[in-house]
Amino acid sequence: MSLNVETKPTVGLPDPEPLRLIDDEGRAVRSSARQGFELPPVATLKELYRRMAIARRWDAQVTALTRQGRLATYPSALGQEACEIGTVLAMTEQDWLFPTYRDSIALMTRGIDPGELLQGFRGDWHSGWDPKKHRTSVQATPLATQALHAVGYATAAKLNGERIATVTFIGDGASSEGDTHEAFNFAGVWQAPTVFVVQNNQFAISVPLSKQTRARTLADRAIGYGIPGYYVDGNDAAAVYAVMSRAMERARRGDGPTIVECLTYRVEAHTNSDDPTRYRTADDVAIWKGKDPLERLERYLVSQDALSDADRDEITAEGERRAAATREAMSAEPVLDPMDLFAHVYVNERPSLVEQREFLKAEGNR
């Protein structure tokens, strides 16, 4: 069976202005400027807000644990909540997510227990959760390797007749990696049901986007692979959700991949070992804090009489419960068995691995 598409695709460049449905002030954008998209229902926007608020409280808690030395490292997604939560809520339970190291709030929103999620950052496990149970792959630290995994899984699912889609997050830095372009090309040729979400937070650690590409937008690259591309305001959860919902539906019905660039900003440092003052100014950070995705959506909901004080209190309480549970999980001593190093490597054990395991076992018995 061939998955190749012989007909020539018809795609165009994305709009040069990022799509937004709610502006910085929390006002609905006029219909003529919405590029054919409509605001999601208020109930959906309220759920986006709830999930984003809980994720922000959790992200702050994990950052604090890292500064206390209780985690080895943690890459914060502060300021990028709309990109991640808007994407996850557009997914179905059957879709697969292929995340990076910065996408922990997306994983938590996907239903992964925070204690399991943070085991990798504490150094206990590479992945503390069951990927098949949550249909979520391990967090990839090497840049862009997960993009190929997402396309490969999507292609296999298509061959098996499964009506699912895969999603992978990519940073602007990862968009410069060869693996990303291989994934774009493979997905375009074989019409893999994959949606690539490029979280353009404008810095590949310390390298600004201007030193990575002369392209007008990263979404413009889609046309070179015959893939539809969208350029979205990544701080507008409504726009992210609307575009991702359309892209996911398109992938599931067999119409191929989509590239979605979400323009956003990384408010915190790259990780706890990074000093962002060496490559960006406090004024720049202040400007982007003024574009806060959570405050923007809150203003809109308040203007629609859709967010009461009781709603806020309930959301705050849920966020505090999640933070407390995370503190408790990270305060507990992990139960680690060195023999687990050998338990998930090969289906059929190689003699050399058996020899190493027996050597370690003998050392532990001394």
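Phenylalanine 186 has a relative accessibility of 36%, so this residue counts as partly exposed. The model is a predicted one. Phenylalanine 186 sits in helix α8, which spans residues 178-190.

From the surface, turn to the interior. In soluble globular proteins, nonpolar side chains tend to be buried together. Here the largest nonpolar core holds 61 residues. Within this core, Leu21, Leu45, Trp58, Val195, Met244 and Leu297 touch the most other members. Helix α9 supplies the largest share of the core, with 11 residues.

Set aside its neighbours within four places in sequence, and leucine 45 is in contact with Leu39, Pro40, Ala238, Leu297, Tyr300 and Leu301. One of these, Leu297, is also among the core residues that touch the most other members.

Burial can also be followed along a helix. Helix α2 covers residues 81-89. Eight of its nine residues are buried, so the rest of the structure largely encloses this helix. The buried ones are Glu81, Ala82, Cys83, Glu84, Ile85, Gly86, Thr87 and Val88.

Next come the charged side chains. The structure has 26 salt bridges. One of them joins arginine 20 and aspartate 233, with 2.8 Å from N to O. Arginine 20 lies in the segment before α1, and aspartate 233 lies in strand β6 (residues 229-233), so the pair ties together parts that are 213 residues apart in sequence.

Glutamate 47 pairs with arginine 51, and their closest N and O atoms are 2.7 Å apart. The two residues are four apart in helix α1, so about one helical turn separates them. Glutamate 47 is partly exposed at 25% relative accessibility. Arginine 51 is partly exposed too, with a relative accessible area of 25%.

Aspartate 95 and arginine 252 form another salt bridge, at 2.8 Å from N to O. Aspartate 95 is in the loop between α2 and β1, while arginine 252 is in helix α9 (residues 237-252), so this pair ties together parts that are 157 residues apart in sequence. What is the relative accessibility of aspartate 95? The value is 0%, so aspartate 95 counts as buried. Arginine 252 is at 17% relative accessibility and also counts as buried. The cut-off for buried is under 20% relative accessible area.

Some salt bridges share partners. In this way Arg20, Asp24, Asp233, Lys291 and Arg296 are joined into one network. The network takes in the pair of arginine 20 and aspartate 233 described above.

Aromatic rings give another view of how the chain comes together. A search of the whole structure finds 12 aromatic pairs. One is formed by phenylalanine 98 and tyrosine 153. Their rings are tilted, at 6.1 Å centre to centre with 50° between the planes. Phenylalanine 98 belongs to strand β1 and tyrosine 153 to helix α7 (residues 145-159), so the pair links distant parts of the chain, 55 residues apart. Phenylalanine 98 is buried, with a relative accessible area of 5%. Tyrosine 153 counts as partly exposed at 30% relative accessibility.

Phenylalanine 184 and tyrosine 225 make an edge-to-face pair. Here the centres are 5.6 Å apart and the planes are at 65°. Phenylalanine 184 lies in helix α8 and tyrosine 225 in the loop between β5 and β6, so parts 41 residues apart in sequence are tied together. Phenylalanine 184 counts as buried at 2% relative accessibility. Tyrosine 225 is partly exposed, at 22% relative accessible area. Helix α8 thus holds buried phenylalanine 184 as well as partly exposed phenylalanine 186.

Aromatic residues also gather in a group. Phe203, Tyr265, Tyr279 and Trp288 form one aromatic cluster.

Methods
Residues numbered from 1 in each chain as written. Predicted model: local features only at pLDDT ≥ 70, side-chain atom pairs only at ≥ 80, totals over all residues. Heavy atoms only, no water. Buried < 20%, exposed > 50% of the residue type's maximum accessible area, 1.4 Å probe, protein only. Salt bridge = Lys/Arg side-chain N within 4 Å of Asp/Glu carboxyl O. Core = buried A, V, L, I, M, F, W, Y, C linked by side-chain atoms within 4.5 Å. Contact = heavy atoms within 4.5 Å. Phe/Tyr/Trp six-rings, centres within 6.5 Å; stacked < 30°, edge-to-face > 60°.
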